[in-house]
Amino acid sequence: MELEEIYRKDISLLIALQILVEERSVTQAAKRLHLSQSATSRILSRLRIMLNDPLFSRVGQQLVPTQFALDCYQQLQHPLSELIEVLTPQAFVPENCRQTFTIAATDFAIQALLPFALPDIYRQAPHISIEIVPVQHQSLLSQLSVQGVDVAICRAIGSTEHLYSQGLGQVGVSCLVAPSHPLAEKTLQLADYLHYPHITTAISDGVKAMLDSAIDHHPPRKELLRTPYLDGALSLLALQPAIITLPEGMAQLAAEQHQLIIKPLPFAIAPLNYSLFWHSRGQLDKGKQWLRQSLISAIAHLLDNKTEVKA
């Protein structure tokens, strides 16, 4: 029998057959099915037609199943028990999870947030696999809906109106200079920021437009180098009196690792609002729910700011 033919059958009748075989009574079966005795009798009639067998004969007050009914009962034990398992809500246990998750993230999130969030996630769920890919701001909806990405950690630059999101916190901006820089022991002023050359990395490129907008009435900054590689940019600081402007968390890490000096940005810009984004396709998946909550908790703690979910 083809699957389409099975679809046209009332498979729920087979549940009633199981109960009728176990109870050997229409009255008792009706109680378990929460139906009237007459409705259960009609179900038995429909079963006889569907299976082309009398199924039961009456001996006194008891229904005696035919051999075919008993054979059906035995054959249905395994598939119905699996069906019950499928239809029974299961609690999510992280240590038993073996899902593969894909996270899209900015360079800042990859280097300054995820390294601190992922260890605890792996401690809870040691059998999961995670793939991290670059976020595509202008096609974020496509990434999350049809490209298989489960969550994205980024700022809302493109359209996000059809996505779920939760704010993670705000990220400020800081400047880095080498200990040999003429400004190393001085307070960084706006005139200094405009005078000395700058190095722009992929990590800072996302905020370059915000910086330029804040000082657009001044002469443009001299950009000494634009590179996707932070380590290469940082090594150049020892050779050139340049300034790198980075998100605060990334600036702090770079300063500690490369013995650099952090300087506050000498003018005000709006902080970067980071959020977690996801699509409705993964809204009810228990594994993805757990991943989202784990990331939200860890990253919001890192950024020391929590907000409410919105859709």
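User: Which are the buried residues of α6?

Analyst: The model is predicted, so to speak of local features requires pLDDT of at least 70 and side-chain atom pairs count only at pLDDT 80 or more, while totals for chains, interfaces and linings use all residues. Residues are numbered from 1 along each chain as its sequence is written, and side-chain values use heavy atoms, with hydrogens and water left out. Buried means under 20% relative accessible area, exposed over 50%, and partly exposed in between, with a 1.4 Å probe and protein chains only. Helices (H or I, at least four residues) and strands (E, at least two) are DSSP runs numbered from the N terminus. In α6 the buried residues are Phe 108, Ala 109, Ala 112, Leu 113, Leu 114, Ala 117, Leu 118 and Ile 121.

User: What span does α6 reach from its first C-alpha to its last, and where does α6 bend?

Analyst: The expected span of a helix is 1.5 Å times one less than its number of residues. With 18 residues, α6 reaches 25 Å, close to the 26 Å expected. The bend at a residue is the angle between axes fitted to the seven residues ending there and the seven starting there. For α6 there is a bend of about 55° at Leu 114, and Pro 115, a proline, follows within four residues.

User: How many residues has the largest nonpolar core?

Analyst: In soluble globular proteins, nonpolar side chains tend to be buried together. A nonpolar core is a set of buried Ala, Val, Leu, Ile, Met, Phe, Trp, Tyr and Cys residues joined through side-chain atoms within 4.5 Å. The largest one here has 60 residues, and those with the most contacts inside it are Ile 153, Leu 176, Tyr 193 and Leu 295. Helix α6 (residues 107-124) gives the most to this core, namely eight residues. Apart from this core lies another, of 20 residues, among them Leu 14, Tyr 73, Leu 76 and Leu 80.

User: Which residues does Leu 176 touch?

Analyst: Contact means heavy atoms within 4.5 Å. Not counting residues up to four places away in sequence, the residues touched by Leu 176 include Leu 234, Ile 243, Ala 254 and Ile 262.

User: Against which elements do the buried residues of α2 pack?

Analyst: They pack against α3 (26-33), α4 (37-51), β1 (56-59), β2 (62-65) and α5 (67-87). The buried residues of α2 include Leu 13, Leu 14, Leu 17 and Leu 20. Helix α2 (residues 12-23) has twelve residues and reaches 17 Å from its first C-alpha to its last, close to the 16 Å expected.

User: In what sense do β6 and β12 pair?

Analyst: Two strands pair if DSSP finds at least two bridges between them. Strand β6 and strand β12 (residues 272-278) pair in the antiparallel sense over seven bridges, and Gln 170 stands opposite Asn 273 in β12. Six of the eight residues of β6 are buried. Leu 168 has its place in β6 (residues 164-171) and is buried, with a relative accessible area of 0%. Leu 168 and Ile 299 are 131 residues apart in sequence, yet 6.3 Å apart in space, C-alpha to C-alpha. By contrast, β3 and strand β4 (residues 129-134) run parallel and are joined by six bridges; Val 133 in β4 is the bridge partner of Ala 104.

User: Is Leu 55 buried or exposed, and what is its phi?

Analyst: Most residues other than glycine have a negative phi. Leu 55 has a positive phi of about 70° although it is not a glycine. Leu 55 lies in the loop between α4 and β1 and is buried, with a relative accessible area of 0%. Gln 259, in the loop between α11 (248-258) and β11 (261-264), also has a positive phi, near 50°, but Gln 259 counts as exposed at 55% relative accessibility.

User: Why is the protein described as more spread out than a compact globule?

Analyst: The radius of gyration is taken over C-alpha atoms, and the globule rule is 2.2 Å times the number of residues to the power 0.38. The protein has twelve helices and 13 strands. Its radius of gyration is 32 Å, well over the 19 Å that the rule gives for 311 residues, so the protein is more spread out than a compact globule. Its C-alpha atoms fill a box of roughly 105 × 35 × 35 Å along the principal axes. Buried residues make up 43% of the 311 residues.
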